[in-house]
Amino acid sequence: MNELTQYMKTRRSSLSLCLEEPGPDDVQLRTILEIATRVPDHGKLAPWRIVLWSMAARKEMHENLSSLLVDQPEIADAEKKQKGTDKILHGPCVLAVISKAEDGLKVPRWEQELSAGAVCMNTLIAANAQGFEAQWLTAWYVYDERAKDILQLKNNERVAGIIHIGSSSVQKNERPRPDVEQLFSTR
């Protein structure tokens with residue numbers, strides 16, 4: 001079994017809470033981005049963009065999202081959602097993969113959204129290839145229209161994934177995986 005096969009068979013994300021400095025430097029980040037964007041992209045639309053959320057930007061987003069939870073008492077599970085909001089501060093490097101999928105193009109929206117998901121997965125793999133740990137997350141606010149301005153999203157944009165990247169000395173525990181025999185069939 002070659003190294004890539006072994007890596008893919010045992011790949012596991014690290015929890016964002018466990019990520020610490022160092023994160024990628026500018027050269028490593030550029031390499032991560034180059035790898036991240038080598039995904040299936042039918043029609044060569046690049047229906048996504050990637051934004052580095054600096055710590056200053058994340059602190060501002062955290063404050064505004066926390067205020068949104070307080071100011072909108074109708075938001076269910078506010079305490080749980082606050083914990084999701086707090087995760088935006090985890091890790092030295094946080095990338096937001098933003099889907100720019102549109103209807104009416106030669107490639108169906110669904111394929112454009114899948115391409116954004118592939119960018120997220122490639123980002124995890126690229127971070128690992130550069131010697132870092134990573135986790136792909138979302139949270140309540142990526143689905144809440146009231147948070148669009150806080151996240152600086154345009155009308156047709158959605159967050160496909162928030163990728164936390166850093167270093168970790170915490171051992172990763174394996175979790176149960178799907179049974180391939182139950183998911184695979186021949187027709």
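Modeller: The conversation below covers these topics for a predicted model.

Biologist: Let us begin with the rings. How many aromatic pairs does the structure hold?

Modeller: There is one aromatic pair in the structure. The ring centres of W140 and Y141 are 5.8 Å apart and the planes stand at 85°, so the pair is classed as edge-to-face.

Biologist: What describes such a pair in general?

Modeller: Two things describe a pair of aromatic rings: how far apart the centres are, and the angle of the planes.

Biologist: And is W140 buried or exposed?

Modeller: W140 counts as buried, because its relative accessibility is 11% and the cut-off for buried is under 20%.

Biologist: What about Y141, buried or exposed?

Modeller: Y141 is buried as well, with a relative accessible area of 3%.

Biologist: Turning to the cysteines, how many disulfides are there?

Modeller: The count of disulfides is zero.

Biologist: How accessible are C18 and C93?

Modeller: C18 is partly exposed, at 22% relative accessible area, whereas C93 is buried, at 5%.

Biologist: A new topic: where is S99 found?

Modeller: S99 is in strand 2, which covers residues 93–99. With a relative accessibility of 8%, S99 counts as buried.

Biologist: Which residues does S99 touch?

Modeller: Leaving aside residues up to four places away in sequence, S99 touches P47, W48, E113, A116, N156, E157, R158 and A160.

Biologist: Finally, where is G131 found?

Modeller: G131 is in the loop between helix 5 (109–129) and strand 3 (133–137).

Biologist: Buried or exposed, that G131?

Modeller: G131 counts as exposed, at 62% relative accessibility; the cut-off for exposed is over 50%.

Biologist: How far apart are G131 and V27 in sequence and in space?

Modeller: In sequence, 104 residues separate G131 and V27, and in space they are 13 Å apart from C-alpha to C-alpha.

How values were computed: Residues are numbered from 1 along each chain as its sequence is written. This is a predicted model: local features need pLDDT of at least 70, side-chain atom pairs count only at pLDDT 80 or more; totals for chains, interfaces and linings use all residues. Side-chain values use heavy atoms; hydrogens and water are left out. Rings of Phe, Tyr and Trp (its six-membered ring) pair if their centres lie within 6.5 Å; planes under 30 degrees apart count as stacked, over 60 as edge-to-face and the rest as tilted. Buried means under 20% relative accessible area, exposed over 50%, partly exposed in between (1.4 Å probe, protein chains only). Helices (H or I, at least four residues) and strands (E, at least two) are DSSP runs, numbered from the N terminus. Contact means heavy atoms within 4.5 Å. A disulfide is a pair of cysteine sulfur atoms within 2.5 Å.
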